[in-house]
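This briefing concerns a predicted model.

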Amino acid sequence: MGTKAKSLPRTAQSPRETRAPVIRQAILSALPSRLVAKSALLLPAVPALVDHYVEGLCLTWASLGRPVDPTMRAHLRKVLDSNLKEAFARSPHSRVTVAYGTDLPPSMGLSWNISIVHSSIEDEYNDWVKEREPPLFGPFPDAKVMDLASTLGAPAEVAVLDVGAGTGRNSLPLAREGFRVDAVEPTPSLVNILQQETAKAALPVRVIQGNALDAACDVREQSYLLVFLSEVVFHFRHTQQLRRLFELASRWLVPGGYLLFDAFVPLDGYKPDELARQVSEVMWCRIYTRHELQEAASGLPLNFVSEESTLEYERAHCPEGHWQPTFWFEQWCSGQNLFRLSADKSPIELRWLVFRKSA
């Protein structure tokens with residue numbers, strides 16, 4: 001005769017959860033234990049954005065079910081800040097890589113590593129040569145350069161120095177007009193193109209590979225009626241480099257000669273803060289205030305002559321059918337690489353500046 005099974009004693013307990021919204025959230029809370037993520041972010045090397053970057057990373061990791069506690073957040077900020085400063089000091093074109101991944105299930109951890117990918121302006125232009133269709137800087141010379149050169153006398157008697165000549169967008173047309181042209185360019189891949197184009201056109205351009213600001217660069221002194229830098233000064237990193245340019249230009253130019261360059265200048269009293277200055281370097285539009293420009297020329301025999309909008313001048317004076325030089329020219333000149341504002345609202349713009357050496 002069998003025995004009757006005894007029922008388990010009932011214990012007092014709260015009712016089971018059956019509400020659909022709560023059940024759904026409970027499932028979603030458990031899901032991260034099976035979620036796998038692996039990624040890397042390449043951040044522009046802008047030290048002023050460290051807190052912005054940390055906030056973004058913490059929000060991203062929290063969305064993966066890996067919230068960051070205050071201790072880890074402080075450590076992340078310290079490491080990221082150090083790497084951003086090191087990368088930016090070396091080059092504004094460097095990037096800081098944040099690689100991260102979830103740990104293997106059932107762990108709910110996340111591992112990350114921060115490193116630097118260094119890149120110089122020469123590296124950037126080398127990539128242009130590999131990836132972009134020529135002409136890299138547009139097919140036409142600057143109207144301002146050609147117009148100013150034409151006022152200096154018979155071309156055969158006028159020596160011109162093109163600093164940062166690139167692939168010869170200005171040097172070759174000037175040489176075709178009969179001007180005596182020296183062209184300085186530091187990037188080897190651009191020098192190769194410039195030399196090839198010069199040889200192809202049988203033009204007597206003297207090509208100098210090197211950085212014109214270096215003492216070893218073979219630039220003649222007291223030789224030029226015009227020294228110009230087109231789309232170059234925004235690559236300078238410090239006001240000391242701007243001062244160096246003015247010092248050298250005062251030695252390169254003959255008395256009465258002209259220094260011409262374009263620079264991004266604040267408008268209507270705008271005062272760029274450290275964030276704007278750092279990001280302007282990353283965005284190829286480094287800002288120089290008028291005070292910094294004046295200080296760079298202070299005490300030297302270079303007198304200010306004129307300043308005007310690069311965009312407006314080039315649009316008004318370029319030959320018919322030559323507008324615009326490149327697909328990016330208008331946006332870049334207007335400062336829209338740095339500020340996502342309409343052109344008439346941007347607080348900076350690229351401007352032509354002319355100085356003349358005392359006669």
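Which residues lie nearest the centre of the largest pocket? They are Ile121, Tyr125, Glu231, Phe234 and His235, within a lining of 46 residues.

**Largest pocket**

- The volume of the largest pocket is about 970 Å³.
- Helix 4 (121–131) provides four residues of the lining, the largest share.
- At least two lining residues each come from helix 4, strand 4 (159–163), strand 5 (180–185) and helix 12 (329–333).
- By residue class, the lining of the largest pocket consists of 20 nonpolar, 16 polar and ten charged residues.

**Second largest pocket**

- The second largest pocket has a volume of about 300 Å³.
- Its lining comprises 16 residues, and those nearest the centre are Pro135, Gly138, Thr167, Leu172 and Glu197.
- Helix 6 (171–176) and helix 7 (188–201) are the elements that contribute two or more residues to the lining of the second largest pocket.
- Nine nonpolar, three polar and four charged residues make up the lining of the second largest pocket.

**Strand pairing**

- Strand 2 (residues 95–102) is mostly covered, with six of its eight residues buried.
- Strand 2 pairs with strand 1 (residues 38–44) in the antiparallel sense, over seven bridges. In this pairing, leucine 43 is opposite valine 96 of strand 2.
- Strand 2 also runs antiparallel to strand 3 (residues 110–117), to which eight bridges join it. Here threonine 102 is opposite leucine 110 of strand 3.
- In a regular strand, side chains alternate between the two faces of the sheet.

**Cysteines**

- A search of the whole structure identifies zero disulfides. Cysteine 285 is accordingly in no disulfide, and the nearest cysteine sulfur, that of cysteine 333, is 11 Å away.

How values were computed: Residues are numbered from 1 along each chain as its sequence is written. This is a predicted model: local features need pLDDT of at least 70, side-chain atom pairs count only at pLDDT 80 or more; totals for chains, interfaces and linings use all residues. Side-chain values use heavy atoms; hydrogens and water are left out. Buried means under 20% relative accessible area, exposed over 50%, partly exposed in between (1.4 Å probe, protein chains only). Two strands pair if DSSP finds at least two bridges between them. A disulfide is a pair of cysteine sulfur atoms within 2.5 Å. On a 1 Å grid over the protein atoms alone, a cavity is a set of points where a 1.4 Å probe fits but cannot get out, and a pocket is an open set with protein on both sides within 12 Å along at least five of seven lines; lining residues have an atom within 4 Å of a point. Grid points are joined across faces, edges and corners, and a volume is the space filled by probe spheres set on the points. Ala, Val, Leu, Ile, Met, Phe, Trp, Tyr, Cys and Pro count as nonpolar, Asp, Glu, Lys and Arg as charged, and the others, Gly among them, as polar.
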